[in-house]
Amino acid sequence: MTAKVIDGKVIGEQIRAEVAAEIEERVRAGKPHPGLATVLVGENPASQVYVRSKQKACAEVGIESFGYNLPATTSQADLEKLVADLNADPKVNGILVQLPLPPGFDEERVLSTISVEKDVDGFHPINIGRLAQKGRDPLFIPCTPAGVMYLLEHELHSLEGLEAVVLGRSNIVGMPVALLLVRANATVTICHSRSKDLKEIVRRADLLVAAVGKAEMVKGDWVKPGCVVIDVGINRVEDASKPRGYRLTGDVAYDEVAEVARAITPVPGGVGPLTIAMLLKNTLRAANLAEK
Ligand code: NDP
């Protein structure tokens with residue numbers, strides 16, 4: 001293996017420590033603890049795990065969390081009413097509606113109901129719209145894409161003029177990552193399920209972000225020597241040797257790609273810890289903005 005391993009756990013810890021220190025300073029100055037409301041609708045087990053780990057991370061840095069668990073039978077109107085109440089609550093600086101919502105909900109309407117100033121997930125259409133416009137800055141950048149950029153800038157310092165390839169064009173990862181890369185002056189190619197000659201396109205990349213949700217799709221011979229590879233994918237692969245009967249793997253065939261890449265994120269322990277760290281950072285930012 002030749003690639004440097006980009007340790008998201010260590011980098012995420014550093015960010016959390018910075019957030020905790022700033023919150024401590026705020027509290028010492030007589031300001032309230034920042035508050036994050038998490039809204040979980042239904043019983044999706046993965047979403048329950050994500051929300052619990054976000055609440056735990058909040059507690060560790062001094063962010064107060066307010067958890068709302070609603071049944072999947074909740075109406076659209078009741079969900080929007082809850083969000084409106086949270087918008088009006090001064091103890092709540094950030095509102096996170098865990099996605100995906102169960103079938104039947106109008107996700108865009110729910111996200112539009114969140115106050116732009118409390119949109120710590122960065123998915124409000126105004127924040128996303130500003131991300132796509134030159135010279136306009138969103139108040140909040142979505143957490144996983146922000147984490148991807150943090151790791152890339154940590155590794156490469158400047159992305160200017162680099163060939164970037166993003167695999168995936170979802171609203172929550174691929175597309176915002178691509179928009180952020182354009183803002184950082186990279187030359188960006190976005191690939192998706194209808195793209196042709198993926199291997200040829202990926203081979204041009206100085207930096208590659210894989211966010212497709214297909215276990216180990218990117219092989220060693222797809223990657224240009226010296227490429228920096230950020231693997232966002234989290235996939236379960238059956239593995240009888242593991243106590244749970246599966247292991248987690250990314251969208252990149254790690255061992256092969258690590259032979260050619262200059263640097264690579266592992267799964268788990270790469271982008272995942274940054275997602276939570278960025279949520280904490282955004283919540284602190286929301287609390288600071290509320291006092292301006
Ligand atoms: P989505 O399923 O919403 O999007 C997947 C994207 O990949 C789509 O744009 C799709 O194309 C594209 N795609 C699917 N198959 C292929 C293929 N064979 N070739 C090229 N492109 C393909 O997933 P998300 O963006 O939500 O998540 C992506 C991965 O990242 C998942 O594994 C998820 O678990 C993980 N994730 C990790 C997070 C973290 O914190 N580390 C946070 C969020 C997600 P099309 O648009 O044409 O359908």
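Leu 99 and Pro 100 are joined by a cis peptide bond, with omega about 0 degrees.

Before going on, a word on what we are looking at. This is a predicted model, where local features need pLDDT of at least 70 and side-chain atom pairs count only at pLDDT 80 or more, while totals for chains, interfaces and linings use all residues. Residues are numbered from 1 along each chain as its sequence is written, and side-chain values use heavy atoms, with hydrogens and water left out.

Another cis peptide bond joins Val 267 and Pro 268, with omega about -5 degrees. You will find Pro 268 in the loop between strand E11 (263-264) and H10.

That helix brings us to the ligand. H10 (residues 271-290) gives the largest share of the shell around the ligand, three residues. A residue counts as near when one of its heavy atoms lies within 4 Å of the molecule. There are 21 residues around the ligand, and Arg 169, Ser 170, Ser 193, Ile 234 and Thr 275 come nearest.

Now for the polar contacts, meaning pairs of N or O atoms within 3.5 Å; within protein, one must be able to donate a hydrogen and the other to accept it, and residues adjacent in sequence count only if both atoms are side-chain atoms. A polar side-chain atom of Ser 170 is 2.5 Å from a ligand oxygen atom. For Arg 169, the distance from a polar side-chain atom to an oxygen atom of the ligand is 2.7 Å, and for Thr 275 it is 2.8 Å.

Let's stay with Ile 234 for a moment. Ile 234 belongs to the loop between strand E8 (228-231) and strand E9 (235-238).

Next, the sheet. Six strands make an open sheet in the order E1-E11-E8-E7-E5-E6, with parallel pairing; two strands pair if DSSP finds at least two bridges between them. Strand E1 (4-5) and strand E6 (187-191) are at the edges with a single partner strand each, so one side of each has no neighbour in the sheet. E6 pairs with strand E5 (residues 163-167) in the parallel sense over five bridges. There, Val 165 is opposite Thr 189 in E6.

Asn 185, in the loop between helix H7 (174-183) and E6, has phi near 70 degrees, a positive value in a residue other than glycine.

Finally, how many salt bridges does a search of the whole structure find? The search finds 13, each being a side-chain nitrogen of Lys or Arg within 4 Å of a carboxyl oxygen of Asp or Glu. One of them is formed by Arg 16 and Glu 60, with the closest N and O atoms 3.2 Å apart. This pair links distant parts of the chain, 44 residues apart: Arg 16 is in helix H1 (residues 8-28) and Glu 60 in helix H2 (residues 45-61).

Key:
Helix = DSSP H or I, 4+ residues; strand = E, 2+ residues; numbered from the N terminus.
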